[in-house]
Amino acid sequence: DEPFIMAYQERKIFYVRDPCNEKWSVVLEGRTMHGTHEDESLDMHETPSFSSSPFGPIADNEVDEIHAIRSDHDEGIWEEVMREPHVDNANIAEAEDDPISRLLSILPRLKKKPIQLQWDIRVFGVDSSDVPLYISLPDALEIVGGNSMLNISIIQLWAMYMDKLSVEQAQAEVYGFIEPQSIQKSGNTQVQIQQYMQTWMSDSRRDIYMAPYIDGSHWQLMVIIPKEYTVVWFCSLHRKPSHEIKCQLQG
């Protein structure tokens, strides 16, 4: 009753009118394609029908000799089904190591409710309870789509991931990260921003700080090197630093 078979089970069949009962057709197995003899003749009485083949268990590496009788039409058919696909363990490992694939796997969970993430105070110098971080379904879709401005929560998540990499590579004393929401002009005064940056850099004493900053719906990146009194500005749109951020850095 199965509508599908394995590729090695396919056989070419055709129907012949039963001379004993014209209301019936007999399913016959076709002649092999691996050589023919001119004196061969096809005798319906000598060629066993598919229905006479025995049924029994089939080993995984054994060619199936069981044939199926079709009664839903009276035309010859090919029964063709591909073998089960071969699964490469290397491909599975690569997919599991793919951040986008892992992100797609939790989309159903994000659809139910946002996920709140916590960070250690050593990451940004501020407590995560003071700056809550939630990852929602729209945030994840922004990453997958790749054509929308990323929410600030995604930038926070990126900074946390980069900090994790620096710790794993024993570079935690070299690279520091500025919490992006704490330096945005929206919701913070210039004094608050300056106080946060000065306190965090003075306490952590890293060689290099990365500070994501948004201006005009576009993310930019400041790389601050305090010991050299240097700030490197990255902007894919080649915009210059705003007056506000210059004042904050000079302060």
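1. Residues are called buried under 20% relative accessible area, exposed over 50% and partly exposed in between, using a 1.4 Å probe and protein chains only. By that scale Lys164, at 45% relative accessibility, is partly exposed. This is a predicted model, in which local features need pLDDT of at least 70 and side-chain atom pairs count only at pLDDT 80 or more, while totals for chains, interfaces and linings use all residues. Residues are numbered from 1 along each chain as its sequence is written, and side-chain values use heavy atoms, with hydrogens and water left out.

2. The structure holds 3 salt bridges, a salt bridge being a side-chain nitrogen of Lys or Arg within 4 Å of a carboxyl oxygen of Asp or Glu. One of them joins the side chains of Lys164 and Glu168 at 2.6 Å, N to O. Because these two residues are 4 residues apart in helix H6, about one helical turn separates them. Glu168 counts as exposed, at 54% relative accessibility. Helices (H or I, at least four residues) and strands (E, at least two) are DSSP runs, numbered from the N terminus.

3. Arg122 and Asp163 form a salt bridge through their side chains (2.8 Å, N to O). This pair links distant parts of the chain, with Arg122 in helix H4 (residues 121-124) and Asp163 in helix H6 (residues 152-168), 41 residues apart. Arg122 is partly exposed, with a relative accessible area of 30%, whereas Asp163 is buried at 3% relative accessibility.

4. The side chains of Lys227 and Asp207 also meet in a salt bridge (2.8 Å, N to O). Here too distant parts of the chain are linked: Lys227 is in the loop between strand E8 (219-225) and strand E9 (230-234), and Asp207 is in the loop between helix H7 (190-204) and strand E7 (208-214), 20 residues apart. Lys227 is exposed at 61% relative accessibility; Asp207, at 26%, is partly exposed.

5. The largest pocket contains about 780 Å³ of space. On a 1 Å grid over the protein atoms alone, a pocket is an open set of points where a 1.4 Å probe fits, with protein on both sides within 12 Å along at least five of seven lines; lining residues have an atom within 4 Å of a point. The lining has 16 residues, of which Pro99, Arg102, Leu103, Leu157 and Tyr161 lie nearest the centre of the pocket. Helix H2 (99-105), strand E4 (115-117) and H6 each supply at least two lining residues, and H6 gives the largest share, 6 residues. By class, 13 lining residues are nonpolar, none polar and 3 charged.

6. Ile100, Leu104 and Val144 make a nonpolar surface patch of about 210 Å². Patches are made of residues with over 30% relative accessible area and no salt bridge, nonpolar side chains being joined within 5 Å. Val144 lies in helix H5 (residues 137-145) and is partly exposed, with a relative accessible area of 34%.

7. Two backbone angles deserve a look. Most residues other than glycine have a negative phi. Tyr229, although not a glycine, has a positive phi of about 50°; Tyr229 lies in the loop between E8 and E9 and is exposed at 81% relative accessibility. His238 is not a glycine either and has a positive phi of about 60°. The loop between E9 and helix H8 (243-250) holds His238, which is exposed at 73% relative accessibility.

Note on methods: Patch = residues over 30% accessible without salt bridge, like charges linked within 9 Å, V, L, I, M, F, W, Y side chains within 5 Å. Areas by Shrake-Rupley, 256 points an atom, 1.4 Å probe, with all protein chains shown as cover. Points joined across faces, edges and corners; volume = space filled by probe spheres on them. Nonpolar A, V, L, I, M, F, W, Y, C, P; charged D, E, K, R; others polar.
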